[in-house]
Amino acid sequence: METKILTTSEYDIAIAGEILKNGGLVAFPTETVYGLGADALNETAVKNIYKAKGRPSDNPLIVHVADKKDIAPLVKEITPKAQALIDAFFPAPLTIILNKSEKVGKVVSGGLDTVAVRMPENEIARKVIKASGCPIAAPSANTSGLPSPTKSKYVVEDMMGKIDAIIDGGDCEFGVESTVITLATETPTILRPGAVTKEMLEKVIGEVQVARAVTEGMKKDEVASSPGMKYKHYSPKAKVVIVDADKETYEKFVNGKKDAFALCFEGDSVNIPKVTFGRENDDLSQAKELFDALRKLDEMGAKKVYARIPRITGVGMAVYNRLIRAAAFTVIDLKKPFVIGLTGPTGAGKGYVSNYLSSLGFNVIDSDKIVKTIYEKNQNVLDKVCKVFGNDIIENGVLNRKKLGDIVFSDKKKLETLNSIVHPAVIEECEKQAVFPAVIDAPQLFEAKAQDKCYKIICVTADRETRINRIISRDGITKEQAEKRINSQFSEKYYTDNSDYVVCNNGENIKTQIDKILEEIL
């Protein structure tokens, strides 16, 4: 396909309008990023947007209008809160989600019963929409997953030969996509933050929530009700890692890295190759420069990038939202002590992993040995245990852990009571021994609520039958007793869902798995 490069002249805008009217695709500038437009009421044209971008078809698109009066035909009802936002903000970098009318097809709405509508502030954008004579569906004009384009040259790189025309309208003003708020829920909820902030919205309509997916990502079965929610987004070809640290700590961290790039603020003292995205206390400058900075990293051939974390308030929330997706939710939190938690269900084979980590130079702290020492030497803990479970568990002045296990592994309440007595002492001793680089081998890491003390958590798993056989061989107990121990713990899904990394120990080459995890962590 031949792609025309158009100017912002009235003549070229008229050409763009005709292309859109006839079912074609045109990229045009808005105040946020460049959009890739098609007639929103033409299902075939909208499908071609998905094809040009390589975008999943269950990801809804935003419908752009040139005038406030053009909103009513697209929705079932303009609610009082919607009208208040329209009156207060439009035209603006703000998208409102409402229940859609029958005019809006399922393709543009991603199969949902709602439609996302916005009236762009950019005059060129409104002129293009007006010239087309129809509402325009327009996601960002980039290959799906790559950083959104804030300059026409990036649209040319991604879309040349795939669409009918590109309007060169210079650099975009804000640099991140519009704020998306749904009014189709009981409480208005921000699904994607932007230049119109939560605080600004609440001044007009009262309480506004922020969707969990804005900063934490979507659950596996959750339906995306807004663009930019479900998939890895805005990402350069390099692997991006966010570093949660103050200025000095960040500088020290990245300056010790080789073969890496820094994505940082102006004025940061960094001696590795770097790209800046705005000033530290200026959210708007960060928003405007972020996507451009991510594109520059590709141009420089970056393979791994350590990005300084922005603040998560005001427009900074929008910057963080885009950056966390560019990083595929990979964050190094340097505010936490560098302790790796190693856990998993009983019989999974954590011991093998512990030994391998120890051979690599890690200070491995065996929490089970600490428990044994506590039972032998901490009279205060032992007295409390005996008071609850009786003196029959003591033989020749020593705690019989097998007897104690027979009592607690068949009764979850008793196990919880034992844990409440022993865990605080175990955590205290682990903290004393946690000399960098430390690994805490803790089968009951979650039961002890010690996960927050860990920088990252590795879970070791294995199939149930393998675990049962290992427990029988290790502890010399029956299959029934082994199953009781397994059933007394959290489910395997709980361990994997609450860990950062999972090692499968069914006999595969787990050293390769661990090496890959350590490369990412370190």
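Visitor: Which strands does helix α11 lie across?

Guide: Helix α11 (residues 350-359) lies across β17 (339-343), β18, β21 and β22 (456-461), with contact meaning heavy atoms within 4.5 Å. This is a predicted model, where local features need pLDDT of at least 70, side-chain atom pairs count only at pLDDT 80 or more, and totals for chains, interfaces and linings use all residues. Numbering starts from 1 along each chain as its sequence is written, and side-chain values use heavy atoms, with hydrogens and water left out.

Visitor: At what angle does α11 run to β17?

Guide: About 155 degrees, on a scale from 0 to 180 degrees between N-to-C directions, using lines fitted to C-alpha atoms, for helices over the stretch in contact.

Visitor: What makes β18 and β21 a pair?

Guide: DSSP has to find at least two bridges between two strands. β18 and β21 (residues 438-441) have four, in the parallel sense, so they count as paired. Asparagine 363 stands opposite alanine 438 in β21.

Visitor: Why is β18 called an edge strand?

Guide: The open sheet runs β18-β21-β17-β22-β23, and β18 (363-366) and β23 (501-504) each pair on one side only.

Visitor: Over in helix α5, why is valine 156 called partly exposed?

Guide: Buried is under 20% relative accessible area and exposed is over 50%, with a 1.4 Å probe and protein chains only. Valine 156 has 31%, so it counts as partly exposed.

How values were computed: Helices (H or I, at least four residues) and strands (E, at least two) are DSSP runs, numbered from the N terminus.
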